[in-house]
Amino acid sequence: MGCNLGHGPPVNTDIFGTFRDAPGMKGGAMEGMEFCPRCGTPRQFVDNHEWLENGVIVQRGDRSHRMVLLESANLDHLYRGIEEIIGLPIERIVIETKRRATREYIDRLVPEEVKDMVARKEFDMNLLIQANNNLARIMGYGDVQVLGYRFEQDEGDFIRQRVRNPYSIPLWCGDLAGATEAVTRRDNDVEYKIVSPGEVEINAFPAEHPPQFQGRLQLKEYHLLAGDVELDRCGTCGGPAGLSAFKWNLEEGTITDLATGRRLAMLGPAYQEAVFDELEKELGEDIPRIIVEAQRRFVRSGFYKAQEIESEEQFRRLLALRGLGNLRTLSLKDGRLRVRLENAALHLMFVGLLQGYVETITGRDSSAEWELSPEGVLELEITAR
């Protein structure tokens, strides 16, 4: 599909992957967005992703780019839980890591000829910003509106956006700064202010990075094992039939699990893993245990319900639908839970999740031991005391 973006030559927008066929906007609502009449999922969401038989979701345009569906409220609660345990703020580390990760991803996604067109002001920046914001709504990141931007390639440049219902404030800050850097080829800093409950203004602008946050990230590579998870498919759009349990509100930029009422977002686990790795690099080797502990406490707070795991097979399909891996074994006997999960994503959050589940079921404290192989196989044992 060719499209003339501004005054330059036609550009093949198919190579943008996530920006492909982005619908228009009018008054904050997305126009032209098709929903599957059977399962209710946005067509672009299904078209952009592929659910594999090994419990993994990948982007169709870049099959090396893994994705997961997570409860978005879990993210900022997890960061706050880590801060409470260590007694130090981690927001800047989260923002800077996500900025670097987003820059690397968008840098690969947007062709060099498009960046050249941006530098020559031959590219309609409104279209690029709009496409990115439309995608954010589909992915459950919130209702985002551009408040203004300036691109004269000097120190006065900026882009300012207002986000209602942000899936995560620090991650949104990193997303905006990183995407801006990738397209403009200039380093940026970012700042935000909360203007009302559930609404934030984010401003990205040219600035040098602190030395510890310069250079490229070492993003995790997932070495995937084959699997045999057979998810039922929607007979109309071909996506997993389980997506019918979710509701998209594109005005609000949200995805809601109708069974639990909790909000979800689709994101790349490698970028969240990078946040955890940077925290360990900056704060020490105890961070993995602290992440598990923060997640365990969050589950014990009542956000998740133990009865949501009805059976091993039901839990296996749930994890595959979310892209979190292929559950091979799960057994709970006499207060001891044993799990083997292949192609595990965000394994530290998963360990804390199940530890919290066990404690909720048994009413007792527990200990957790786990090992993650280089092939991504998680062996986990949780024992109630």
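A bit of housekeeping. This is a predicted model, so local features need pLDDT of at least 70 and side-chain atom pairs count only at pLDDT 80 or more, while totals for chains, interfaces and linings use all residues. Residues are numbered from 1 along each chain as its sequence is written, and side-chain values use heavy atoms, with hydrogens and water left out.

By nonpolar core I mean a set of buried Ala, Val, Leu, Ile, Met, Phe, Trp, Tyr and Cys residues joined through side-chain atoms within 4.5 Å. Buried is under 20% relative accessible area, exposed is over 50%, and partly exposed is in between, with a 1.4 Å probe and protein chains only. The largest core has 91 residues, and the members touching the most others are Val339, Phe350 and Leu354. Helix H10, residues 347-362, supplies the largest share of this core, eight residues. Helices here are DSSP runs of H or I, at least four residues, strands are E runs of at least two, and both are numbered from the N terminus.

So what does Phe350 touch, leaving out residues up to four places away in sequence? Phe315, Leu319, Val339, Leu341, Leu378 and Leu380, where a contact means heavy atoms within 4.5 Å. There's also a second, separate core of 16 residues, including Met125, Leu128, Phe151 and Tyr271.

Now the charges. A salt bridge is a side-chain nitrogen of Lys or Arg within 4 Å of a carboxyl oxygen of Asp or Glu, and by that rule we count 44. Take Glu71 and Arg262, whose side chains meet at 3.4 Å, N to O. Glu71 sits in strand S7 (62-71) and Arg262 in the loop between strands S13 (254-257) and S14 (263-267), so this pair ties together parts 191 residues apart in sequence. Both residues are buried, Arg262 with a relative accessible area of 9%. Beyond four places in sequence, Arg262 also touches residues including Phe303, Tyr304 and Lys305.

Compare a local one: Glu96 and Arg92 bridge at 2.8 Å, N to O. They're four residues apart in helix H3 (91-109), so about one helical turn separates them. Glu96 is buried at 3%, whereas Arg92 is partly exposed at 36%.

Then there's Arg328 with Glu342, at 3.2 Å, N to O. Arg328 is in strand S15 (326-333) and Glu342 in strand S16 (336-342), 14 residues apart. Arg328 counts as partly exposed at 30%, and Glu342 as buried at 9%. Salt bridges with shared partners also join Arg92, Glu96, Arg99, Arg103, Glu181, Asp187 and Asp189 into one network.

Last stop, helix H8, residues 287-300. Its 14 residues reach 20 Å from first C-alpha to last, close to the 20 Å expected at 1.5 Å a residue; that expected span is 1.5 Å times one less than the number of residues. Is H8 enclosed or open? Ten of its 14 residues are buried, so the rest of the structure largely encloses it. Among those buried are Ile287, Pro288, Gln295, Arg296 and Phe298. The cover over them includes helices H2 (73-86), H7 (269-283) and H10, plus strand S17 (366-372). Just after H8, Gly302 takes a positive phi of about 105°.

That's my tour, over to you.
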